[in-house]
Amino acid sequence: MTEQPFSALLFRTVLAGALLGALATAYFLAGVAGHVRSPVVTYSVAIALVGSTGFFLYWLFFLAPRETGRVGRAIWLVVLLVMFAETVLGLLPPTARDELTHHLAIPKLYVEAGRIIEVPIAPYSYYPMLLDMLFTPWVYWNLDFVPKLVHSLFGALTGLLLYAYLSRRLNPVYGQLGFFFFVSTPAVLRLSHWAYVDLGVTFYVTAALLCLLVWRETEQSGWLVLCGLSAGFAAATKPNGLVAALVLFLILLFVLASRIRSELKKCVSCLALFTGLAVLPLVPWLVKNYAQTGNPLFPHGGWLFVSDVATQVGAALSYADLGVLGKRRWLYGESWLEIAALPLRIFFSGRDDVPQYFDGALTPVLVLLLPWAFKGKWGGEKRIWLVFAVLYFAYAVFLVDLRIRYILPIVPPLVVLLVWGVFNVYLRIRRPAYLVAGLVFFGVVHLGYLYAYFRAGQPIAYLSGRESRETYLSRTLPDYPAFRFLNRETPPDAKIYLLFAGRRAYYCNRSYFHDGGELPGFLMVAIRSAREPSDIARRLRENQLSHLLVREDLLIRFLADNLTPAERALWAAFASNHLELLFRDRGYSVLQVHG
């Protein structure tokens, strides 16, 4: 490739991610063949992750402090603080929603079955799950905190990519600055101690974009190969990675546009190479979906492929059919002016756990210096960074729920432009102390988010042994006592219907069922098709459902709002004659079905 040290670091970081992606794909294929618990594949995953972690730690502790001066080392010390705090938070048991519904719950089902199985009740189980394959061995070994550290590793490697690129273009001080502002972005801080996959998508998208830029500069084919593979691994990690791959294809097409007339054959071969490599990691997931449902794009593409599973899941009641703009108008009462201001609002008004405010927080500093970023050299690269961010954000606004983690791949491009802005302002400002003070201010604000997450997690009591795992989970998850009762007091062959439990089934050690959408479609069908109370019990028994785990307030409100008086009387009779209350705590009840 090249002998420049930062180019070598960039290449090795991209290669480390590509090897993890390839190994996750191999593990998926082994799982389909029934080898989820095979020592060969599980220990291969563990060894690769330990090696990648060692690669990052070697840079963090031995190379980074020697490649810069006092300012860089000061930033490095703050980065160490962030990495240490995130590692401590990552040692806590999983409690985040998508951990318990998806990224750990589905691998747990694979582990119990010993193979990759179909999970029709969970539409998201049909999405590509590349990173979840790296989580699965740790779920098997009952080390379910490790997937959180794996996810954090991808965030750290993304920061390392930015460090290598910015050090190559500027110097290691600016590289450290880019690393810090990426890993300390509030949304990244929050995701870094959760077993989600968004940091994996962000890593692969950033790696692909950087490889594309280096290939544009050097025209060495190895960079284009890594670009295509990284785009493919992004698409195989989460559906929004597919859109990122499409945007990368368009950027590649734009880069080649000036040469198409004179070098048509070469341009076509470059596009074909990128496309073929980008599709390759996605193919196993498409084949799995086609074998299970008849639709390789399931749960999407129903207009093109007919699928019985699509019909079953599609029958679930949900708000998902509303578009983003319509949902914001209908649910939040936002004006068209507020909707038009979304591109700025996401940087200034994001809040954790509030869907109206994007369920996460970015930071204003990502856009405040944009007007100064485009001065000086490398203007073409800077425009590519901006075009990618704008196109990808436009996808999020018009096609999916606007949540910060869904648009996380725009953060690295904006960090790059932020650092360029800092560089250009520093060269021109008369009093650099003002610029430094502004950066320190935003750094302190970011660390304030980290402190809040650390305070909310309260890890010291758990990690010191003063608080047991059971006590910690009972304190942090209101439904955990109900799941603990089910696991201890119900027979092994019990099957649980989860009602308004948010589909958070990871801690349920019994067979379970939940609706594909947010609302209890199966229960509504059972009530509305019944003529007498025993018909509801029969319908539940036909699906082998022996118990209900219910969040009472939400179920009572939903039934009151959606049943006719006759149906409410039928439900009341059923509840009186066919349900026995076994357990109630913190708003959650366990009921046994009789009759």
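Leaving aside its neighbours within four places in sequence, which residues is Thr 13 in contact with? The model in which this is asked is predicted, so that local features need pLDDT of at least 70 and side-chain atom pairs count only at pLDDT 80 or more, while totals for chains, interfaces and linings use all residues. Residues are numbered from 1 along each chain as its sequence is written, and side-chain values use heavy atoms, with hydrogens and water left out.

The secondary structure of the protein consists of 30 helices and five strands, these being DSSP runs (helices H or I of at least four residues, strands E of at least two) numbered from the N terminus. With a radius of gyration of 25 Å, close to the 25 Å that the globule rule gives for 595 residues, the protein is as compact as a globular protein of that length; the radius is taken over C-alpha atoms, and the rule is 2.2 Å times the number of residues to the power 0.38. Along the principal axes, the C-alpha atoms fill a box of roughly 80 × 55 × 55 Å.

Of the 595 residues, 56% are buried, where buried means under 20% relative accessible area with a 1.4 Å probe, counting protein chains only. Among contacts (heavy atoms within 4.5 Å) between residues at least 6 apart in sequence, 70% join residues at least 24 apart.

Thr 13 belongs to helix H1, which spans residues 5-32, and this threonine is buried, its relative accessible area being 0%. Beyond its neighbours within four places in sequence, Thr 13 is in contact with Phe 55, Leu 157, Leu 160, Leu 161 and Phe 203.

Methods
Buried < 20%, exposed > 50% of the residue type's maximum accessible area, 1.4 Å probe, protein only.
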